[in-house]
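Trainee: I would like to learn how to read a fold feature by feature. Can we work through one together?

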Amino acid sequence: MKIFIDSGDLAEIKEAQSMGLIDGVTTNPSLLAKAGKSTRDAITEIAEVVDGPISAEVIGVKADEILREGRELAAIHKNVVVKVPLIEEGLKAVRVFTNEGIRTNVTLCFSPSQALLAAKAGASYISPFVGRVDDISGDGIELVGQIVQIYRTYGFETQVLAASIRHPLHFVQAAMLGAHVSTLPLKVIKQLLKHPLTESGLEQFLADAKKIPTGSARS
C-alpha cells in the first residue's frame with residue numbers, strides 16, 4: 001500500500017520524505033490555508049520535494065468552474081492530481097478530465113454507491129473518509145472494504161485512497177482490506193513507528209552496550 005502525507009506544510013512534508021516513506025501528497029483548501037501560501041506556490045514547492053501524485057483541490061461546484069480550475073491546477077506540475085468533490089457537477093467534470101488525460105481524486109466519498117459512480121466517471125482515485133464516517137457512528141473501514149470489493153468485482157482501475165485516517169489501526173485495517181493508498185497526517189505517520197517493545201528493547205541494547213569492554217586484550 002502506498003503512503004501519502006495529508007498536509008500543506010512543507011516542513012512536515014520534508015520531514016516525512018526524509019524517512020523514505022512518502023509516495024505522494026494530498027492537500028485541501030483547509031490545509032493550504034494553514035500553510036499561508038497560494039495554491040500555486042505551495043504545490044510548486046511540494047513538487048520539488050516529493051516525486052509522486054500531489055492532490056490539489058478545486059473550490060468550484062459547477063462543472064465549468066471545476067474544469068477551469070482543474071486545468072489550471074494540472075498545468076502547475078505533471079504530478080498534480082485534480083481533487084474534485086463527489087457531486088453531480090463534479091462527476092461531469094471528472095469524465096471530461098479523464099478524456100483529456102488529467103488525473104482526478106474524487107473526494108468526500110461516504111458510500112459505496114458514490115464510489116461506484118466515481119469509478120464509472122473515470123476517477124483515478126476515490127477518497128473514502130474513514131474517520132468522518134466513524135464520527136457519525138458508521139464504520140469507515142467497512143466502507144473501504146466495500147469499495148475495494150466492488151472495484152475488484154467489476155475490474156475498475158480507480159485506486160482506493162483511504163482518507164481521514166485517525167490512528168494506526170485505521171491504517172493497518174485499510175492495508176489488510178487492499179486499499180491502494182492511505183493518506184495520513186504526519187502525527188499518524190510517526191505513530192506507526194511506535195511500539196513499547198521496540199523502545200524497551202533498544203534501551204536494553206544500549207544499556208548492555210555500555211558494559212562491553214573497550215580496547216584490545218594484551219597477551
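Trainee: Which strands does helix α5 lie across?

Mentor: This is a predicted model. In it, helix α5 (residues 88-100) lies across β4 (80-85) and β5 (104-109). The helix runs at about 155° to β4. Helix α6 (residues 112-121) lies across β5 and β6 (125-128), at about 165° to β5.

Trainee: In what order do the strands close into a barrel?

Mentor: General idea first. Strands of a sheet pair through backbone hydrogen bonds, either parallel or antiparallel. Here, eight strands close into a barrel, in the order β1-β2-β3-β4-β5-β6-β7-β8. The pairing is parallel. On average, neighbouring strands of this sheet are turned by 30° against each other, direction ignored.

Trainee: How many bridges pair β2 and β3?

Mentor: Two, in the parallel sense, with β3 covering residues 54-57. To place one on the model, take T26: its bridge partner in β3 is S55.

Trainee: Now a helix. Which residues of α1 are buried?

Mentor: An α-helix has 3.6 residues a turn, so residues three or four places apart point the same way. In helix α1 (residues 10-18), the buried residues are L10, I13 and A16. Seen down the axis of α1, they fall within an arc of 125°, so they line one face of the helix. On the other side of α1, A11 and S18 are exposed.

Trainee: What caps the N-terminal end of α1?

Mentor: D9 does. One of its side-chain oxygens lies 2.9 Å from the backbone nitrogen of A11. Look just after α1 as well: G20 takes a positive phi of about 75°.

Trainee: Last, the core. Which residues touch the most other members of the largest nonpolar core?

Mentor: The general idea: in soluble globular proteins, nonpolar side chains tend to be buried together. The largest nonpolar core here has 53 residues. I5, F97, V106, I126, I147 and V160 touch the most other members. Helix α8 (residues 140-154) supplies the largest share of this core, six residues. A second, separate core has seven residues, including V81, Y125, L161 and V181.

Trainee: What does I5 touch, leaving out residues up to four places away in sequence?

Mentor: Its contacts include I13 and A16, both among the buried residues of α1. I5 also touches G24, V25 and T26, as well as L186 and I189, among others.

Note on methods:
Residues numbered from 1 in each chain as written. Predicted model: local features only at pLDDT ≥ 70, side-chain atom pairs only at ≥ 80, totals over all residues. Heavy atoms only, no water. Buried < 20%, exposed > 50% of the residue type's maximum accessible area, 1.4 Å probe, protein only. Helix = DSSP H or I, 4+ residues; strand = E, 2+ residues; numbered from the N terminus. Arc of directions from axis to C-beta. Polar contact = N/O pair within 3.5 Å; in protein donor to acceptor, adjacent residues only side chain to side chain. Pairing = 2+ DSSP bridges. Axes fitted to C-alpha atoms, helices over the stretch in contact; angles between N-to-C directions. Contact = heavy atoms within 4.5 Å. Core = buried A, V, L, I, M, F, W, Y, C linked by side-chain atoms within 4.5 Å.
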